[in-house]
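Q: I am new to this structure and would like to learn how to read some of its features one at a time. Could we look at it together?

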Amino acid sequence: MWFEPRAHPSAALRVLAPAGAVVAALALCAALIAWTGTGVGEAYALLFQGALGSRFALAETLTRATPLMLTGLAAAVAFRAKLWNIGAEGQLYAGALVAVVLGGGILDLPGWALLPAALLGGALAGSALLVGPTLLKTRLGVDEVVTTLLLNFVVLLFVSMMLEGPLKDPMGMGWPQSAPVLPEAELPRLLERSRLHAGLVLALVAAVALWIMNTRTTWGYEIKAVGANPAAAAFAGIPVNRVMLKVAVLSGGLAGLAGAAEIAGLRGYLTLDLSPGFGYSGIVVAMLAQLHPLGVVAASVFVAAVFVGADAMSRTVPVPNYIAEVLVAVSLLCVLVSSFLVRYRIRRSP
């Protein structure tokens, strides 16, 4: 048995491969569900019902998908240029920190300017956090995987220090949390009696804008060329280091915007448990989507639905909600296998 490269994989094969991978992951995880003594069909029905089966469930899924969408786009645009940004978690918290400060009215801004200032400030904070590791990579050859990963811990410690010190809410009953942002700095709700906020619209606009950039602009072509072969891109006259810096600004900005949107649209204040790992989950989302911006939208909704549905399922049947993490991980492995089989076909003999 050997693998023969496919000259031109069909569009149908490219579209159906991720869907087949998800079905395969559901089938593989069925064994774990059956091990608990629960009917597989009943468990998956409860998962689906808990994620998408009602107006409230759908709103919760989309609310959970919003930060995943933004961090997934941050990872996708960086990975496309082979800039391995593992620091989206720290960039998210940096964006949230700046959003709380600006949204709390520290600057003498008119009410209508508070929300744009909080969102823009959050995005710029995320960008600034990634520009440093990118400069170290392009100028000194420092591995950005190490620097961005370590910065996550530095930022979390800094946020903890601020929440225990200057930003601590005097009305917070001693809890390490910031004072809430002003009402003018809050994103509007998209649905009444739900937590779904306008951050979802920002994420969708960002996904479409990235897709247009990748497919219709010179900058998108330059990013693809740098990611494919930096030496060849430089020989062709593409300023590789400048492209890397632009990608860093964009990627970090999207991750920072995720944190700012969580503050302005959902929490209203900052705590250390703002993110259950959205920055790291964004990497999984980007890989599930194979770095396609519109695929990130679908992948983030899928991951969010699995986590929200698993929580609902675990309240009814004896299947722990940890099954969600297993299901997402198995889905990622299946997507990697399916993407390999899209590029190669299996032959019995040469």
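A: Let us begin with a term that will be needed throughout: a residue counts as buried when its relative accessible area is under 20%, as exposed when that area is over 50%, and as partly exposed in between. Please keep in mind that this is a predicted model.

Q: With that in hand, is Ser 300 buried or exposed?

A: Ser 300 has a relative accessibility of 0%, and because this is under 20%, Ser 300 counts as buried. Ser 300 belongs to helix α12, which covers residues 293-314, and once its neighbours within four places in sequence are set aside, Ser 300 touches Ala 65, Leu 68, Met 69 and Val 285.

Q: Where is Gly 174, and is Gly 174 buried or exposed?

A: Gly 174 sits in the loop that lies between α6 (144-164) and α7. The relative accessible area of Gly 174 is 51%, and because this is over 50%, the residue is classed as exposed. The C-alpha atom of Gly 174 is separated by 9.1 Å from that of Glu 164, a residue 10 places away along the chain.

Q: How many aromatic pairs are found in the whole structure?

A: For aromatic rings, the angle between the planes decides the label, and planes under 30 degrees apart count as stacked. A search of the whole structure finds 2 aromatic pairs. In one of them, Phe 79 and Trp 84 are tilted, at 5.1 Å centre to centre and with 55° between the planes; Phe 79 is buried at 5% relative accessibility, whereas Trp 84 is partly exposed at 34%. Phe 340 and Tyr 344 form a stacked pair, with 4.9 Å centre to centre and 25° between the planes. Phe 340 is partly exposed at 29% relative accessibility, and Tyr 344 is partly exposed with a relative accessible area of 26%.

Technical notes: Residues numbered from 1 in each chain as written. Predicted model: local features only at pLDDT ≥ 70, side-chain atom pairs only at ≥ 80, totals over all residues. Heavy atoms only, no water. Phe/Tyr/Trp six-rings, centres within 6.5 Å; stacked < 30°, edge-to-face > 60°. Buried < 20%, exposed > 50% of the residue type's maximum accessible area, 1.4 Å probe, protein only. Helix = DSSP H or I, 4+ residues; strand = E, 2+ residues; numbered from the N terminus. Contact = heavy atoms within 4.5 Å.
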